[in-house]
Amino acid sequence: MKIYFNQKFTIMKKFLLISFFFLLLSACSSVNVNSDYDKKVDFSQFKTYAFYKSGIDKVEISDLDKKRILYSIDETMTSKGLTKSETPDLLVNFFTKEREQVDVNQFNMGWGYGWGWGWNPWMWGGNTTVNRYSQGTLCIDLIDAKKKELIWQGEGEGVLTKDTHKKDEVIKEFVTKILEQYPPQKK
């Protein structure tokens, strides 16, 4: 099968456009969330909250990241109509997990003839890329303060950043997306 210059150029442009699209998608941050809850609980009774200090003190992240998470939780809970209180209906706890991810991608593309013998200016060699990043999980627990029982748990998983300028934004996205699922919508 003969491929002419214009066909090669068109195929290359399409490939580069598709590659750019996937690169753009991968650059967008996304958090995968899920939640679970006690189906016997009436969540409309909870109007106030406080942080479960002894649980949060055990979380092994920097104090600055703890503050970022606490601030985002405060902001989100307030937007949901809940009030922070010394005598709360709900206790809010959280914990985190982090693991390093390694993606290895091999890219081979070439247009040539025969078994690769001969010179072709459109022949591209193989390229292997290794991408390392931190995958993080944030779990937020809501505990009935009177009964001391876990009644709701939300979990978010996504890519973390070391860039201090973006940490606020990433943490806020985690917390917001997790707490979007509270209160649960019974089906």
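A residue is called exposed when its relative accessible area is over 50%, buried when that area is under 20%, and partly exposed in between. Lysine 148 is exposed, because its relative accessible area is 60%. This residue sits in the loop between β5 (127-144) and β6. The model is a predicted one, and in this model the phi of lysine 148 is near 55°, a positive value in a residue other than glycine. Most residues other than glycine have a negative phi.

Consider next the chain as a whole. The protein has 4 helices and 6 strands. Read along the sequence, these elements follow the pattern α-β-β-α-α-β-β-β-β-α. The protein has 187 residues, of which 33% count as buried. Its contacts between residues at least 6 apart in sequence can be sorted by separation: 75% of them join residues at least 24 apart.

Strand β2 covers residues 48-51. In a regular strand the side chains alternate between the two faces of the sheet. In β2, Thr48 and Ala50 point one way, while Tyr49 and Phe51 point the other way. All of these residues are buried. The strand pairs with β3 (residues 83-84) in the parallel sense, over 2 bridges. Across this pairing, threonine 83 in β3 is the bridge partner of threonine 48.

What does tyrosine 49 contact, leaving aside its neighbours within four places in sequence? The residues in contact with tyrosine 49 are Asp74, Met77, Thr78, Leu82, Thr83, Lys84, Ser85, Pro88, Leu90 and Val92. With lysine 84, tyrosine 49 has a sequence separation of 35 residues, yet 5.0 Å is the distance between the two C-alpha atoms.

Helix α3 (residues 63-79) packs with helix α4 (residues 164-179) at an angle of about 45°, and the two axes are 9 Å apart. The crossing of the two helices is right-handed. On the α3 side, the residues that meet α4 are Asp65, Arg68, Ile69, Ser72, Ile73, Glu75, Thr76 and Met77. On the α4 side, Thr164, Lys167, Asp168, Ile171, Lys172, Val175, Thr176 and Leu179 take part. By class, this contact has 6 nonpolar, 4 polar and 6 charged residues.

Lysine 66 is also found in α3. Is lysine 66 buried or exposed? Lysine 66 counts as buried, because its relative accessibility is 11%, and the cut-off for buried is under 20%. Apart from neighbours within four places in sequence, lysine 66 is in contact with Ile56, Asp57, Val59, Ile61 and Phe94. One of these, isoleucine 56, is 10 residues from lysine 66 along the chain, and their C-alpha atoms are separated by 8.1 Å.

Arginine 99 lies in strand β4 (residues 90-107), and its C-alpha atom is separated by 5.4 Å from that of glutamine 135, 36 residues apart along the chain. Glycine 158 is found in strand β6 (residues 149-159). The C-alpha atoms of glycine 158 and glutamine 135 are separated by 5.6 Å, with 23 residues as their spacing along the chain.

The accessibility of these two residues can be read from the cut-offs given at the start. Arginine 99 is partly exposed, because its relative accessible area is 40%. Glycine 158 has 2% relative accessibility and therefore counts as buried. Leaving aside neighbours within four places in sequence, glycine 158 is in contact with Ser30, Ser134, Gln135, Gly136 and Phe174.

The last stop is the segment after α4, where proline 183 is found. Most peptide bonds are trans. The bond from tyrosine 182 to proline 183 is cis, with omega near -10°.

Methods
Residues are numbered from 1 along each chain as its sequence is written. This is a predicted model: local features need pLDDT of at least 70, side-chain atom pairs count only at pLDDT 80 or more; totals for chains, interfaces and linings use all residues. Side-chain values use heavy atoms; hydrogens and water are left out. Axes are lines fitted to C-alpha atoms, for helices over the stretch in contact, and angles run from 0 to 180 degrees between N-to-C directions. A crossing is left-handed if the near helix is turned anticlockwise from the far one by less than a right angle, and right-handed if clockwise. Contact means heavy atoms within 4.5 Å. Ala, Val, Leu, Ile, Met, Phe, Trp, Tyr, Cys and Pro count as nonpolar, Asp, Glu, Lys and Arg as charged, and the others, Gly among them, as polar. Buried means under 20% relative accessible area, exposed over 50%, partly exposed in between (1.4 Å probe, protein chains only). Two strands pair if DSSP finds at least two bridges between them.
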